[in-house]
Structure formats: structure tokens, C-alpha cells
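Subject: A structure for you to explore

Hi there,

Here is the structure I promised to pass on to you. Have a look around it first, and then read my notes below.

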Amino acid sequence: MRRWTIGRGWAALALLAAAGGCGRDVPRNAVSGVDGAMLAAAGDGRNWAAAGYNYLEQRFSPLTQINAGNVAQLGLAWSANLPDARGQESTPIVIDGKLFVTGPWSKVFAYDAATGRPLWQYDPGVDRAKGAQACCDVVNRGVAAWRGRLYLGTLDGRLIALNAGTGAVDWSVQTTDTSKPYTITGVPRVVKDMVVIGNGGAEFGVRGYVTAYDAATGAKKWRFYTVPNPNGSPDGEVSDRVLHDRANASWSAQGGQWHQSGGGGTVWDAIVYDPELDQLYLGVGNGSPWNHGLRSNGQGDNLFLSSIVALKPETGEYLWHYQETPGETWDFTATQPIALATIPIGGRPRKVLMQAPKNGFFFVVDRTNGRLINASKFIDHVTWADHYGADGRPVENPAARFYRTGQPFLAVPSALAAHNWQPMAFSPQTGLAYVPAQEVAMAYIPPARPQDAQAHAIGFNVGTDTADGMYPRNAQQIAAATAGATGSLVAWDPATGRARWKVSYPTPWNGGTMATAGNLVFQGTSLGEFRAYAADTGRQLFSYPTQTGVMAGAATYMVGNTQYVAVMTGRGGALPLAIGYAIGRARTVPNMPRLLVFRLGGTAHLPAAAPVEVAALNPPAATAAAADVEAGRQLFGRYCQVCHGASAGGAGVLPDLQRSGVLADQAVWRQVLIDGMLKDQGMVSFARVMTAAQAEQVRAYVIDEANWAKTHLPGPIAPAPSAPRMPTGATQ
Ligand code: CA
């Protein structure tokens, strides 16, 4: 069957239909057998039952039909076009021949995993205005399966249980305060018949927490706040005790913007259950605002920001934590994927958790007690700290704390991360973790003007001078910054804390990794390839031209006697939106949202790639007064760049303002910025923070920037068009 359901209306119908039946199992379907025993087991690889494969989240499959000896014969089995040309970050899950994957705006798609026949679709009907509160595109990273249901976190903060057989809503709860800029992009996890979900929003000003809900009914079981309550009161939640005992004193008691912003610490991606030790690990995000000087008067470690926190799953009680970046001030989240393993270190088996977070150090932590085993740099350049001491704390570069020095600090890694959300695989066969790494610089500039130090009603509130952090009007410097933004696949040996091998890429923001017992590692690239490497040596064995960039991680599974590999393709996410120039040549790669599925000897073909037509840069003449251009630059840097690119240099995911036809039309520009003409496409009105005269100053700045770029920035820096509207559905 095939259906397109629209959120709340359908939810109401489902509630009526289920009246009196709350808590009963949904009718038997392909997902009915997914439970704790299945997710705790290594499995035979036929199913890829959770985004990370199973509870260990190694993204490692025991399947060997596709292997290093024959992967060169891999061909397309089927593909499906998806409706939204925004970031595709979802890992498919596959159970009993049914494939479930999510797309932008929190939509869910179900297919027959062998043939690509569409089964059903579900659209939760997220208000497009919510897009303006999504720091990093309107993405979603996948669903969880459990006893016949699928669990979906939506961009607007709902947790929705779907009947996996039909896509019908079984229950839905609002997990966030809708008056605040919370979002959800991460995958829910299910443990002991509870669904655990976090949230995001620390760039805008929220207080992070995770909540556990009864998997059958949606009833709340417990909530754990990751940072203290700014008003000093207990919350009446399970986190009260540890916040009182350990965390409160690590924040400024008086003063500091965390009292208004909520402090951050959102858990927007990694939540991992350890079936051996019966512990739940949270990867906790950055501070809000970033600037530790403004956030907490430069005082304290600010627990549990940028930490891994272990909880008791039944109750959410605190067990232990390890803080990776004390006094976080660079948007160094510890939310990145966490993999669990038991590996020999120093001659004895150690139960470890592994994480390669934004800050550039690969962490191996003893998961029996939270103690650091080793932390080493996994990219060549790390400017904020030199190493970790025996006390488990970083030895910092004093210049990195820009709010203390009062000087700008050019950081690698930066908020864009040495490793972001892109999935990381670990192969127990090779003992190596496969990190989608990158080097992208960013300047942290202490705010000289009071308005940059204050929180505003819309947009990022990070406490740095984001306007002066944009590209300078210097073609050589822009070229150097673009050339210096690179990617790599790092095969990391967690036992020794060193890289075993590495593949370099000319551009950052490449795809997540997936490993198999066939001695393979799969990874897509931002320049439009889906590759396989020998897991032990890094030798490239396979490449498929995807026609578009790949960010997501792959999954593999079997139906009948055939092994398949599935991966989402399409461009988007934080980096292309926020600093388009940095993604370099990948800007000219088209954006084609698809699901691709491969098998040995597959003979399907993608439709011929549409020719890339780059619109000429032909802005109106720059006639505005310099003071208006400068005022517009400040406003653009504050409100516009995180979606439309630093210096208005977009990457072709959202409209490129330098090439926008609206740029020449003062009236339409005002209708968009002030009247909210395009709010149904996610471009909200900025009237709360901008007058019509200021909107005109922003236009003057973009016109000025476009004229400069036309003269000084010759190709190949030209954005790609978004995908043409394509029918949704599978093609054989
Ligand atoms: Ca962040």
C-alpha cells in the first residue's frame, strides 16, 4: 500500500481509532521481532535493525558475500528519488526485507528492500518556519525499530511511534517546550521498552536533556537534564541529585548568560546502550552561548557540556561522566557517534567506548568507570590544545580562549568539526575505527560591539563576532581557506592511539563509514562518488559515480541469497549552508536526493545526469553608501550567513543570494525578509530583529559582495542548481 499521511490530523484519527487500545501491541509486521535480544546480539547480518547496526553501534556487518575480492563487480540494484533536495543524513534500517529511511523535514519512507517497491510514506507535517531554528539544515538521521513500531524524532520536537507495517501513527508526544528553539534531528534509541530521545538548539539558546518514554504508550518515564537549572531550583527530575552534587558549582552562580540561554548541552546525536554493562551513554553538546566568558563569566568546567555521561537505563540515574572539553567555548560537542567494543590494550581486553568528536582528539574511554585510556589527535592540525594529561584534561593553547585574550583565534578544528555527525564505523576484524575526518578553519572573534554579545530573538546566539568571522575581501585568502579545507578517511587504531592508514580528499564534508567482514569499508564523498576500500590497507577497490555528494552512512543486509548495500545521496547539512566557499569544488556538484541500493552484478542505471548550468553572476550595480553596506554586512553576519553562507557565498543547497533574481527588486526583497513571503519554504520573516531599512542594507551588502566576487573570484567557485522536481518512487 502507499499513503501520504499528514501529521496531526492523522494522529488525531489514529488516537480515536486506538481509543481504549493504548499500550497494546501493533498488528504483527516485519519489525515485530526487533527487541533487546536482537539488538544485543551480533546477528547474522541479514537485518540492519538499528542505525548503528545493533546496540554496540559499530556499523559493522558480518556479511561477506560482497568482499574485497569481488566488490569491483558491485552494481546498482535499484534507486529511489526522494522529494526534498536538502541534507540527506539518514542511515536506512532493514528488517525482514523491509527498508525504512528518513529524509529532510522528518519524513519516513518504506520500501521493499530487494525490489525498491514503495510500501508507504509518512510526513509529520513539520511547519516549515521551524527550519529557521535548525542550526544545521532540516535533516533527520533515521528511525528506531522495536516490537512492530518505528520511532521518529521530528524537527519540531515530537516523538512519534508508527505502525511499521502501515506507517500509521500509533502515538505521538511533544518532547520539547514549543516556545523555545528546540529541534530534533537524531535517531531515537529503544532500551528495555523505553524510547530515549534528546534534542538540539544550543546555538539558539536552550537547555539540553534526554527523556525516556514508554515504547508502547508514549508515557514519560524519566528525564535527565545535562546542565543545571539556571534558576537554581531542582527540576523534580532524576538529574536533580547529580546536578546539585557535581554540576551546579561548575557554573557561575551570579551572572553569565547561561542564566538566560539555558546553557546548552543538548544531546542531539549519540545515545548508546551498553548491553554488557547495562549502561546508557549520552554524548553531550556545546555550551550556549559558545563564548565561555559570556556564558559563565569564564568560570568553571560547566558540567556536563562536551561530556560523555553514563546513566542507569531504568531510572536515568547518573553513574559517571568524562568531560572531553572542560569550559567548552568553540562549539566542541561530544555528540558525535560512539562505538562500543572490547579490545586488547596493553595485553589485556578492555571494555571501551570510542568517539572522535569535533575537538580533533580520538577518545578511548574505559566504559566500566569512565576513565580516559588514550586521547590523540586524529587530524594533522589541532590548534586549540596540544595533548591530554594524565589527569584526563587537555593541555590548551592559551591563545585559544579568545574571550580572555581579547584577540581573534583561528581554530582548526572549529565549530564545523574535525569529525561531525557523519557515522563512524569500527571493525572488530581489523581493530580499526574509520573516521570521516576533515580540517576546516574558523575564526573565533570576541565581540567588540554590545549587540554581538547579546542574545537576539532570531538566529544564532553564540557570543562571537560572526560578521568579522566571514571571509575577507581578499581573493588569495579565500582561495587559501578553500584549499585548506580538506577531508580524509582515517583508519584509527584505538589500542595504540595512532592512525594505521589514511585516504585524503580535496574537499571536506564527506560521507559516513560502514565496515563489513568482507574486509571492506564503504564511504561516499562530497564530490560524488560511493567508494569501497580494503579495511585492512585502505586500498581503493570500488567507486560508483553518484552524480551528487554523499554525506550519509551506508547499511548492508540480505534478502534471500543476495547481499545489498544501501546509502542515501544528496548535499546539505551545516557546512555547505554556513561556509559555502569552504566546500570548494563540491559546490559545483548537483544536489540529487536519492536512495541508492547496490548488489553484485546489479544492472540498474541512474537517469542521465542533468547538465549543470551555472547561472552567471550578474548582480545589480553597487550604488549604496559604504555605511549602509557595512551595516548590512553586520546584519548578514549575524542573521543570514548560517544558512546562506559566509560572505553570501552559498553552496547551492539553499538559494545563492549573490545570484538571486530577487536581489534586483527592492520590493520583493522586503516582502521576503520582512513580510515572510517565503515562510512556507522555511524563509521566515526577520521583522522581529530587522526594520525594512535594515533589510535594504542587507540587500546593499549582498549586491556589493556579489559585485566584488564577480570581479575577484573567477570560477570554479559557482554553485550548483538544486535538483529538478522529481517524482518520488523507485526506479528499477
Ligand atoms: Ca553546536
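The notes that follow go through what was found, topic by topic.

First, some ground rules. This is a predicted model, in which local features need pLDDT of at least 70 and side-chain atom pairs count only at pLDDT 80 or more, while totals for chains, interfaces and linings use all residues. Residues are numbered from 1 along each chain as its sequence is written, and side-chain values use heavy atoms, with hydrogens and water left out.

**Cysteines**

How many disulfides does a search of the whole structure find? The search finds one, where a disulfide is a pair of cysteine sulfur atoms within 2.5 Å. The partners are Cys-135 and Cys-136, with their sulfur atoms 2.3 Å apart. The torsion about their S-S bond is about -100°, so this disulfide is left-handed.

Cys-135 is partly exposed, at 24% relative accessible area, and Cys-136 is partly exposed as well, at 27%. For these words, buried means under 20% relative accessible area, exposed means over 50%, and partly exposed is in between (1.4 Å probe, protein chains only).

Cys-640 is buried, with a relative accessible area of 12%, whereas Cys-643 is partly exposed at 23%.

**The calcium ion**

Next, zoom in on the metal. The calcium ion is coordinated by Glu-203 (OE), Glu-203 (OE), Asn-286 (OD1) and Asp-331 (OD), at 2.3 to 2.8 Å. Donors here are N, O and S atoms within 2.8 Å of the metal (3.2 Å for Na, K and Ca), and water is not among the atoms, so sites may look incomplete. Along the sequence, the donor residues follow the spacing E-x82-N-x44-D.

Glu-203 and Asn-286 link distant parts of the chain, 83 residues apart. Glu-203 sits in the loop between strand S13 (194–197) and strand S14 (209–214), and Asn-286 in the loop between strand S18 (279–283) and strand S19 (287–288). Helices (H or I, at least four residues) and strands (E, at least two) are DSSP runs, numbered from the N terminus. Are these two residues buried or exposed? Glu-203 is buried at 7% relative accessibility, and Asn-286 is buried at 2%.

**Helices and their partners**

Two packed helices are described by the angle between their axes and the distance between the axes. The axes of helix H10 (residues 626–644) and helix H12 (residues 692–712) come within 7 Å and cross at roughly 95°. That makes H10 roughly perpendicular to H12. Axes are lines fitted to C-alpha atoms, for helices over the stretch in contact, with angles running from 0 to 180 degrees between N-to-C directions. Angles under 35 degrees count as roughly parallel, over 145 as roughly antiparallel, 65 to 115 as roughly perpendicular and the rest as oblique.

Contact means heavy atoms within 4.5 Å. Among the residues making this contact are Leu-635, Phe-636 and Cys-640 of H10, and Val-698, Tyr-701 and Val-702 of H12.

Helix H3 (residues 240–247) has Asp-240, Val-242, Leu-243 and Ala-247 as its buried residues. These pack against strand S15 (220–225) and strand S21 (317–323).

**Backbone details**

Which residues are joined by cis peptide bonds? Another joins Leu-303 and Phe-304, with omega about 0°, and Phe-304 lies in the loop between H5 and strand S20 (307–312).

Arg-59 has a positive phi of about 50° although it is not a glycine. Arg-59 is found in the loop between helix H2 (36–40) and strand S2 (60–61), and is buried at 10% relative accessibility. Ser-106, also not a glycine, has a positive phi near 60°. Its place is in the loop between strand S5 (98–103) and strand S6 (107–112), and Ser-106 is buried at 0% relative accessibility.

Happy exploring!
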